[in-house]
Every structure is written in structure tokens, then in C-alpha cells.
Amino acid sequence: QVQLLESGGGSVQFGGSLTLSCAAAGRFTIINNMGWYRQAPGKQRELVADITKSGTPNYANPVKGRFTISRDNAKNSVFLQMNNLKPEDTAVYYCNADGYARVLGSTQDDWYDWWGQGTQVTVSS
């Protein structure tokens with residue numbers, strides 16, 4: 001129904017930069033909040049940053065001042081610019097979006113929370 005297509009992960013050295021991209025594709029009525037989560041081995045998935053439809057960002061404390069989230073509503077896309085990367089940023093990064101979609105045959109929109117497949121970010125010291 002809705003797919004979140006991620007790109008941009010990879011391997012960098014300490015202090016390097018990467019940009020993650022995510023685009024929503026499929027049948028939906030509206031995309032509201034979009035964001036990025038990450039999960040390191042042996043740890044729970046955690047919020048990295050999210051952004052409202054109107055463009056208000058929110059950052060987790062560990063990434064404040066280093067990461068920048070942005071979105072392009074016309075393309076239903078969200079981006080995460082990651083600077084000054086540290087080994088502790090190593091994780092699988094997941095794109096997340098919520099919004100409304102209507103299943104074929106239904107007469108109403110329902111709220112959904114969608115996830116991407118994840119993209120690996122590895123930072124070496």
C-alpha cells in the first residue's frame with residue numbers, strides 16, 4: 001500500500017558526513033509527521049529526529065547540533081543530513097512516516113504508521 005524507500009547509508013570515518021533520503025510511494029491520502037529512528041545491535045530502536053508537515057523539527061539529544069532533518073512535501077520525502085559522525089552513531093537507520101490512507105473498497109481514511117526497511121550506517125574510529 002505505502003512504501004518508504006530509503007537511500008544514502010554507508011560507511012564513513014569518525015567526523016565524516018552522510019545524507020539519508022526517504023520517499024513515500026503508494027496510495028495514501030496525506031503524510032503527516034516523518035522522521036528517522038535507529039537501532040544499534042543489542043539496543044532498542046530510538047528516535048533520531050522527526051519533522052512535522054509544517055516543517056518543525058525535533059531532535060534527540062545525542063544528535064543535536066550535528067544532524068539536520070528536512071522534508072520536501074511535494075515529493076513526500078524526508079532527509080537526514082548527518083555531520084561529525086561518531087562511532088556511537090553506528091546503527092540501522094529506519095525512515096518512519098504517519099498519515100492517512102484508504103484501503104480499496106473502504107469509505108473512510110484510516111491512520112497508519114509506516115516504516116522503511118532500514119539502511120546501515122557504520123562509523124569507524
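How many helices and how many strands does the protein chain have? The protein chain has 0 helices and 11 strands, where helices are DSSP runs of H or I with at least four residues and strands are E runs of at least two, numbered from the N terminus.

A word on the model first. This is a predicted model, in which local features need pLDDT of at least 70 and side-chain atom pairs count only at pLDDT 80 or more, while totals for chains, interfaces and linings use all residues. Residues are numbered from 1 along each chain as its sequence is written, and side-chain values use heavy atoms, leaving out hydrogens and water.

Along its principal axes, the C-alpha trace spans about 55 × 30 × 20 Å. Of the 125 residues, 35% count as buried, meaning under 20% relative accessible area with a 1.4 Å probe and protein chains only.

Now take a look at Asp-89, placed in the loop between β8 (77-82) and β9 (91-101). Asp-89 is buried, with a relative accessible area of 0%. The table gives two distances that involve its side chain.

| Partner of the Asp-89 side chain | Distance |
|---|---|
| Side chain of Arg-38 (polar contact) | 2.9 Å |

Leaving aside neighbours within four places in sequence, Asp-89 is in contact (heavy atoms within 4.5 Å) with Arg-38, Arg-66, Phe-67, Asn-84, Val-121 and Val-123.

Conventions
Buried means under 20% relative accessible area, exposed over 50%, partly exposed in between (1.4 Å probe, protein chains only). A polar contact is a pair of N or O atoms within 3.5 Å; within protein, one must be able to donate a hydrogen and the other to accept it, and residues adjacent in sequence count only if both atoms are side-chain atoms.
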